[in-house]
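Reader: I would like to go through this model with you, a few places at a time. Could you take my questions as they come?

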Amino acid sequence: MNQGLPPTAEPIHRLIQELNKLPGIGPKSAQRLTYHLLRAPEEQLRLLAEAIVAVKQEITLCSTCFNATDSDPCLICRSEERDRSKICIVEQPQDILALEHTRVYKGLYHVLHGAISPTEGIGTDDIRIKELLERLKDSPVDEVILATNTNLEGEQTAMYLHRLILPLGIKVTRLAQGLPFGTELEYADDVTLTRAIEGRQEF
Ligand SMILES: [Zn+2]
């Protein structure tokens, strides 16, 4: 460990290494964050550590839509104000956050937890497709909105779902307009996402 680097105290080295494992945090950022945390009040660090542990202990998946939640069914599935005739299909729970932020969509969601990707060995049984079909059976849903990412995996998944859902007599639409190819939903801005929802087209 630490080879070729000036000696660093073990706890500092350890925190840098842990932070470095997070997405989007390279070695330099991990170092900067570690020294920032070192200067912060102990109380703040305790709250941070507790929040990190709580997110794992208290969050489960909604048994209906598979959104991350601390109550089952989740707030959206439970809400009386949501339009139960529409289900928007997303890849990850954070995509719901991005879509909710626009405030234009009032229907329900279904989180697949991934996308079909033969190159990564992710097949149709590895994401929550079976659960979706089960949900659509005898449901009041009249429109399914495919809001998977606009990259190769997202498009493949949308096409596969389209083929499965169409025979059920449910309208299938796709968020597309304004979303350039390769867009990950969680990083799309509000204006683009709003246009994408409002301008959704029959698939
Ligand atoms: Zn739910």
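Reader: Let us start with F66. Is F66 buried or exposed?

Author: F66 counts as buried, at 9% relative accessibility. Buried means under 20% relative accessible area, exposed means over 50%, and partly exposed lies in between, with a 1.4 Å probe and protein chains only. The model is a predicted one, in which local features need pLDDT of at least 70 and side-chain atom pairs count only at pLDDT 80 or more, while totals for chains, interfaces and linings use all residues. Residues are numbered from 1 along each chain as its sequence is written, and side-chain values use heavy atoms, with hydrogens and water left out.

Reader: Where does F66 lie, and what is its phi?

Author: F66 lies in the loop between β1 (60-61) and β2. Its phi is near 70°, a positive value in a residue other than glycine. Strands here are DSSP runs of E with at least two residues, helices are runs of H or I with at least four, and both are numbered from the N terminus.

Reader: What about D138: buried or exposed?

Author: D138 counts as exposed, at 81% relative accessibility. It also has a positive phi, about 50°, although it is not a glycine. Its place is the loop between α6 (129-136) and β5.

Reader: Which peptide bond is cis?

Author: The bond that joins D72 and P73 is cis, with omega about 0°. P73 is found in the loop between β2 (68-69) and α4 (75-78), and it is partly exposed, with a relative accessible area of 32%.

Reader: What does P73 touch?

Author: Not counting residues up to four places away in sequence, P73 touches C62, T64 and R78. Contact means heavy atoms within 4.5 Å.

Reader: On to H110. Where is it, and is it buried or exposed?

Author: H110 is in strand β4 (residues 107-111). It is buried, with a relative accessible area of 0%.

Reader: What does the side chain of H110 reach?

Author: The side chain of H110 reaches the backbone oxygen of R128 at 2.9 Å. A polar contact of 3.1 Å also joins the side chains of H110 and R135. A polar contact is a pair of N or O atoms within 3.5 Å; within protein, one must be able to donate a hydrogen and the other to accept it, and residues adjacent in sequence count only if both atoms are side-chain atoms. Leaving aside neighbours within four places in sequence, the residues in contact with H110 include T64, F66, E131 and L132.

Reader: And N149, what does its side chain reach?

Author: The side chain of N149 reaches the backbone nitrogen of L185 at 2.9 Å. N149 is found in the loop between β5 (143-146) and α7 (152-165), and at 7% relative accessibility it counts as buried. Beyond four places in sequence, N149 touches several residues, among them E91, R174 and T183.

Reader: Now the helices. Which residues of α2 are buried?

Author: In α2, A30, T34 and L37 are buried. Seen down the axis of α2, the buried residues fall within an arc of 65°, so they line one face of the helix. The arc is that of the directions from the helix axis to the C-beta atoms. On the other side of α2, K28, R32 and R39 are exposed.

Reader: What covers the buried residues of α2?

Author: The cover includes α1 (10-20) and α3 (42-58).

Reader: Which residues of α1 are buried?

Author: They are I12, H13, I16 and L19. These residues cover an arc of only 130° around the axis, which puts them on the same side of α1. The buried residues of α1 pack against α2, while the face turned away from the buried side carries the exposed residues P11 and R14.

Reader: Finally, how many helices and strands are there, and how much of the protein is buried?

Author: The secondary structure comes to 8 helices and 7 strands. Of the 203 residues of the protein, 39% count as buried.
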